[in-house]
Amino acid sequence: MSILKYNDVEILRKELVVLKHVSFSLEEGEFAYLIGRVGSGKSSLMKSIYAEIPVFTGEAEVFGTPLVGIRRKEIPMLRRKIGIVFQDFQLLTDRTVYENLRFVLNATGWRDKIEIDDRIEQVLRQVGMHTKSYKMPHELSGGEQQRIVIARALLNRPKLILADEPTGNLDPETGQQIVDHLREIARQGTAVLMATHNLQLVEQYPARVLRCGNKQLVSE
């Protein structure tokens, strides 16, 4: 079942066309790569999916929610269904791993402390970090921090994860481990769209490839 559909979409950023005639879909549980040079529109495409950058023309929907003309009050509910993995982690540096994850759950409406603790334990176990909940971000390696970011993305049981260059700041071996985690998440039913410039990873872990270039998106 398609959870994401774009049909002849045009994406603008700061009044400049970034991508045009974009048409693709993403299925439930699918793992796909988004590749292209720096500045080719990868991040802009991802940001359009969670309505940070507007879709101006064409037809686009995520989980059946139209993105063209989406109302501001609809955006928070859409984003709760999407997990985002950032290259630069964006963890709160003055809080422990547990406190970082609790902050997200509190911000998205969780109130029961037992349920919060259980969910944090679940996602940390899922990424192999259940013994690190008391650590501060600076006490963790880059790979460990990225695994916490993946755990954070999983908190609200999203059906779609957008991973924007999740291995960009990691050594090759750690990068492979992160891709393994993301592929396992897809096997469990959550679609994953991973932006990367690392073609070695794409060759090592084959999957569908979407390429940004010349303001176009091409499925390979």
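Predicted model: local features only at pLDDT ≥ 70, side-chain atom pairs only at ≥ 80, totals over all residues.
**Entry 1**

I started with β3 and β9, which run parallel and are joined by four bridges. Within that pairing I found Ile35 opposite Arg211 in β9.

Is β3 enclosed or open? I checked its burial: five of the five residues are buried, so the strand is largely enclosed by the rest of the structure. In a regular strand the side chains alternate between the two faces of the sheet. I could follow this in β3, where Phe31, Tyr33 and Ile35 are buried on one side, and Ala32 and Leu34 are buried on the other.

**Entry 1: the six-stranded sheet**

I then traced the whole sheet. It is open, has six strands in the order β6-β7-β8-β3-β9-β10, and its pairing is mixed. Which strands stand at the edges? I found β6 (82-85) and β10 (216-219) there; each has a single partner strand, so one side of each lacks a neighbour in the sheet. Ignoring direction, neighbouring strands here are turned by 20 degrees against each other on average.

I went through two more pairs. β7 (residues 160-164) and β8 (residues 191-195) pair in the parallel sense over five bridges, and Ile161 has Val192 in β8 as its bridge partner. Then I looked at what packs on this sheet. α1 touches β3, β6, β7, β8, β9 (208-213) and β10, and its direction makes about 155 degrees with that of β7. α5 packs on the sheet as well, touching β6 and β7, with its direction at about 170 degrees to that of β6.

The antiparallel part of the sheet that I looked up is β9 with β10, a pairing over four bridges. Arg211 turned up again, this time opposite Val218 in β10. The hairpin of these two strands has two residues between them, and Asn214 in it takes a positive phi near 55 degrees.

**Entry 2: the four-stranded sheet**

There is another open sheet, with four strands in the order β2-β1-β4-β5 and antiparallel pairing. I noted β2 (16-27) and β5 (65-66) at its edges; each has a single partner strand, so one side of each is left without a neighbour in the sheet. Inside it, β1 (residues 2-13) and β4 (residues 55-62) pair in the antiparallel sense over six bridges. Asn7 stands opposite Glu59 in β4. α1 came up here too: it packs on this sheet, touching β1, β2 and β4, and its direction makes about 120 degrees with that of β1.

How many of its residues are buried? Seven of the eight are, so α1 is largely enclosed by the rest of the structure. The buried ones are Lys42, Ser44, Leu45, Met46, Lys47, Ser48 and Ile49. After the helix comes Ala51, and I noted its positive phi, near 65 degrees.

I also checked the loop between β3 (31-35) and α1 (42-49), where Gly39 is found. Is Gly39 buried or exposed? It counts as exposed because its relative accessibility is 78%, and the cut-off for exposed is over 50%. I also looked up Lys215: it is 176 residues away from Gly39 along the chain, yet their C-alpha atoms are separated by 9.9 Å.

**Entry 3: helices against helices**

My last stop was α5, which I followed to two helices. The axes of α4 (residues 113-126) and α5 (residues 142-154) come within 9 Å and cross at roughly 135 degrees. That makes α4 oblique to α5. I noted the crossing as right-handed. Arg119, Val123, Leu124 and Gln126 in α4 meet Ile148, Ala151 and Leu154 in α5. By class, this contact has five nonpolar residues, one polar and one charged.

For α5 and α6 (residues 172-187), the axes come within 10 Å and cross at roughly 15 degrees. That makes α5 roughly parallel to α6, and the crossing is right-handed. From α5, I listed Gly143, Gln146, Arg147, Ile150 and Leu154 in the contact; from α6, Thr174, Gln177, Ile178, His181, Leu182 and Ile185. These divide into five nonpolar, five polar and one charged.

Note on methods:
Residues numbered from 1 in each chain as written. Heavy atoms only, no water. Axes fitted to C-alpha atoms, helices over the stretch in contact; angles between N-to-C directions. Parallel < 35°, antiparallel > 145°, perpendicular 65-115°, else oblique. Left-handed = near helix turned anticlockwise from the far one by under 90°. Contact = heavy atoms within 4.5 Å. Nonpolar A, V, L, I, M, F, W, Y, C, P; charged D, E, K, R; others polar. Buried < 20%, exposed > 50% of the residue type's maximum accessible area, 1.4 Å probe, protein only. Pairing = 2+ DSSP bridges.
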